[in-house]
Amino acid sequence: LEKLAGRPVPVPTAAAPTPQCRIDIPDVAAETVYDVLHDGEYRRSWDTNVLDTHDIARVAANADVGYYAWRCPKPLKNRDVVTLRSWHVQDGYHAIINFSVKHPKYPPRKDLVRAVSLLTGYLVHSTGPSSCRLTYLAQVDPKGSLPKWVVNKASQYLAPMMLKKLHKACVRYPAWKQQHDASRKPWLYPEQNTLPALALSELVLQRAASLENIDESGLSEVKDDRGDHSGSEN
């Protein structure tokens with residue numbers, strides 16, 4: 001995953017601990033979970049936190065640049081990221097990783113806080129014909145000083161809740177996909193990818209230090225009318 005089109009890619013590292021969650025899925029095949037993680041159109045139908053998500057450009061047969069904006073717990077400002085994503089399938093393992101990059105047509109927006117994905121990824125491992133294990137890790141700099149209640153919710157609730165929602169979405173996906181361009185899966189069939197090509201040399205690693213920090217440490221939690229707590233799920 002550290003090479004795209006034969007070229008090495010600088011994978012950022014950080015000293016902070018990486019939040020990680022794992023879930024055993026007894027009723028969904030690894031291939032289906034992998035498809036759900038890739039399918040941006042389907043994500044808009046089940047991810048209540050998403051504000052906007054779309055692919056921007058193709059970097060290689062197994063890599064693209066994408067945009068994701070999400071709702072944060074009220075009253076925090078919402079966040080967005082621009083990431084370089086790469087994926088690989090081998091011997092029953094399906095891996096997706098991403099990290100933040102700068103794209104000239106996607107500068108930080110005034111109405112959102114530009115967060116930084118230091119390293120985010122999914123690993124789906126087949127454990128049977130219709131079962132798998134999903135591991136999720138996220139090392140994200142939200143760019144700002146957050147209240148303790150946000151930090152606590154992120155570590156104790158948000159990631160596990162996201163995996164439960166993802167599981168339910170995976171169960172429903174085959175029926176949904178049959179009604180939505182069933183044969184189109186560009187993450188499996190690169191010839192279906194119609195995104196504009198973008199050279200890796202045109203991208204620059206997004207450094208957290210170059211973005212503005214927002215102090216939200218004094219904000220108190222308020223009730224979320226949507227009935228769930230928002231968090232980064234890119």
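Predicted model: local features only at pLDDT ≥ 70, side-chain atom pairs only at ≥ 80, totals over all residues.
Residues are numbered from 1 along each chain as its sequence is written, and side-chain values use heavy atoms, with hydrogens and water left out.

Reader: How many of the nine residues of helix H1 are buried?
Author: Helices (H or I, at least four residues) and strands (E, at least two) are DSSP runs, numbered from the N terminus. Buried means under 20% relative accessible area, exposed over 50%, and partly exposed in between (1.4 Å probe, protein chains only). Among the buried residues of H1 are Tyr 34 and His 38. Helix H1 covers residues 30–38 and is largely enclosed by the rest of the structure, because the number of its nine residues that are buried is eight.

Reader: Is Asp 91 buried or exposed?
Author: Asp 91 lies in the loop between strand E6 (79–90) and strand E7 (93–102). Its phi is near 50°, a positive value in a residue other than glycine. With a relative accessible area of 68%, Asp 91 is exposed.

Reader: What is the relative accessible area of Asp 181?
Author: Asp 181 lies in the loop between helix H3 (148–178) and strand E12 (204–205). Phi of Asp 181 is near 50°, a positive value in a residue other than glycine. Asp 181 is partly exposed, at 49%.

Reader: Which cysteine sulfur is nearest to that of Cys 170?
Author: A search of the whole structure for disulfides (pairs of cysteine sulfur atoms within 2.5 Å) finds zero. Cys 170 is in no disulfide, and the nearest cysteine sulfur, 7.2 Å away, is that of Cys 132.
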